[in-house]
Amino acid sequence: MLNYHFDWSIITSGKYFDWLVSGLKTTLEISAVGIVGAFLIGLLIAVLKMSHFAPLRWAASAYLEFFRNTPLLVQIFFWYFGSYKILPAAVNDWLNNTNFEFAAAVLALTIYTSAFIAEDIRSGILSIPKEQMEAARSAGFSYLRSMQYIILPQAVRITVPPLVNQFLNLVKNSSLAMTIGVMEITYQARQVESYTFKGFEAFTAATVVYLTLSVTITAAMEFYNRRVLNPQRG
Amino acid sequence: MIKFQGVHKWFKALHVLNGIDLHVQKGEVLVVCGPSGSGKSTLIRTINRLEPIDQGTLIVDGMDLSHKKTDLNKLRAEVGFVFQQFNLYPHLSVIRNITLAPTKIRKTPTKEAEEQAMALLERVGLAIKRDAYPTELSGGQQQRVAIARALAMKPKIMLFDEPTSALDPEMIGEVLAVMQGLAGTGMTMVVVTHEMGFAREVADRIVFMDHGQILEEAKPEEFFKNPQHDRAKQFLKQLLSPMH
Ligand SMILES: Nc1ncnc2c1ncn2[C@@H]1O[C@H](COP(=O)(O)OP(=O)(O)OP(=O)(O)O)[C@@H](O)[C@H]1O
Ligand SMILES: [Mg+2]
């Protein structure tokens, strides 16, 4: 161990650098699609869970309990190894011509994270005084329009801190995609390590990538919260 | 304009509206008063169906509220409601508070809606606050914006549920002045209030409620000079006593 020679050049240029960059790109893609998808689905589930129509509420509850209470890795394996057995042939043909690992990993991450986001958004909605809904309904807005224009904009603002947490979790959890062969940054760092035995350098690179992503997301949300959602002076 | 016929409502075992018969004419200003818990808020909230009724008929602007098929959103667009706690939208500026419903529900073009909103802000004396946020305003200013917001939908009826009860005394006058101005334009108004000065000067009629019933219904001067019912006498005495 003491004789270990650091060689940072392998991760700053050349073939292995390219591998890491392509891993970074894949991680970015998974994260971006996952964050947008998980937010939108989470919003939908949160609204359904508060619906006045009981079957919609039950469906939303089932979704939440199911996806929050099973391990993410099992869900990834389920979509990757399990789903094609029950999907129609046409869908499978189409999937085989696309990047199936990628699709399965994004789907699993999106759905898993959306369940947590839905709960965060729901607590945000519940924290808005019921008088706001009354004011909106009195003005002539339907329930859904009241949600859209009056309740959700306020709820999302309150929900920003927990949302940041969920987004960061999604980014970090995306490393599990390597288990089904998605060539994201952790996978590529592992590859570099096995070709060069430069594990310290390779995983330092991966660490820096995750750290940078997390800090960027946190800062962006902070900015959004301050400039867009809370434009009040003082 | 508004017609209650034998209206009843219960909250579980509590008989909160007990056989209400009431007729409000177009352009009339009706003041509703009565002790706490007598059902005033519930009564006024049935008019735009924030509270559904359990029995009887209620007709507002020709729409039958006891009828399942009545389009509530259409009804509510015609009826402005002003709350005790203002309930402005805290995430929107004053001007957006006022233009939101006209642009989204009436589909008024933004520019036109903003011009109308500015005219309303002039009327309530708050044109300089167009870009302020509700938290930056005093209670009296918030309530005046809330009135402008309700008026922006060009309602046929305006409902006020204790619009000055949450205000510091020095701000009550500015809100009442706006309401008095509105009454002068011929607006049909139902006002729950304990501001007897306003009732005396502005109301066409006063109803006194207790335990979910209308005990007395009279012109202001009659009501103040010669209340018929013991409970009304007692209520007025309490209200006008220096202890209050
Ligand atoms: N949503 C509700 N569920 C159950 N009971 C209610 C509800 N709203 C009001 N009540 C009860 O109904 C009665 C009448 O209430 P209401 O708010 O109409 O009275 P009020 O005359 O407006 O009183 P105040 O002067 O205190 O505002 C009260 O006893 C109140 O506790
Ligand atoms: Mg009340």
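Begin by selecting residues 24-221 of chain A, the range that UniProt, in an unreviewed entry, annotates as "domain: ABC transmembrane type-1". UniProt positions follow the numbering used here, feature names are shortened, and annotations may be inferred rather than shown by experiment. The model is predicted, so that local features need pLDDT of at least 70 and side-chain atom pairs pLDDT 80 or more, while totals for chains, interfaces and linings use all residues. Residues are numbered from 1 along each chain as its sequence is written, chains are lettered from A and ligands numbered from 1 in the order in which they are written, and side-chain values use heavy atoms, without hydrogens and water.

Over residues 24-221 the chain is 84% helix and 0% strand, and the end C-alpha atoms lie 21 Å apart. Helices (H or I, at least four residues) and strands (E, at least two) are DSSP runs, numbered from the N terminus.

Chain A contains 10 helices and zero strands, and its C-alpha trace spans about 75 × 55 × 30 Å along the principal axes.

Next, select the stretches that the unreviewed UniProt entry marks as "transmembrane region", among them residues 102-121 and 202-224 of chain A. Residues 102-121 are 100% helix, with end C-alpha atoms 27 Å apart. Residues 202-224 are likewise 100% helix, and their end C-alpha atoms are 33 Å apart.

Then select helix α4 (residues 72-86) and helix α6 (residues 100-126) of chain A, whose axes come within 9 Å and cross at roughly 140°. Axes are lines fitted to C-alpha atoms, for helices over the stretch in contact, and angles run from 0 to 180 degrees between N-to-C directions. The two helices are therefore oblique to each other; angles under 35 degrees count as roughly parallel, over 145 as roughly antiparallel, 65 to 115 as roughly perpendicular and the rest as oblique. Show the side chains in contact (heavy atoms within 4.5 Å): they include A:W79 and A:Y80 of α4(A), and A:F100 and A:Y112 of α6(A).

Finally, move to chain B, where the unreviewed UniProt entry places "domain: ABC transporter" at residues 2-236. This range is 38% helix and 26% strand. Select B:E51 and B:K9, which form a salt bridge with the closest N and O atoms 3.9 Å apart. The term denotes a side-chain nitrogen of Lys or Arg within 4 Å of a carboxyl oxygen of Asp or Glu. B:E51 lies in the loop between α1 (40-47) and β4 (55-60), whereas B:K9 belongs to strand β1 (residues 2-11), 42 residues apart.
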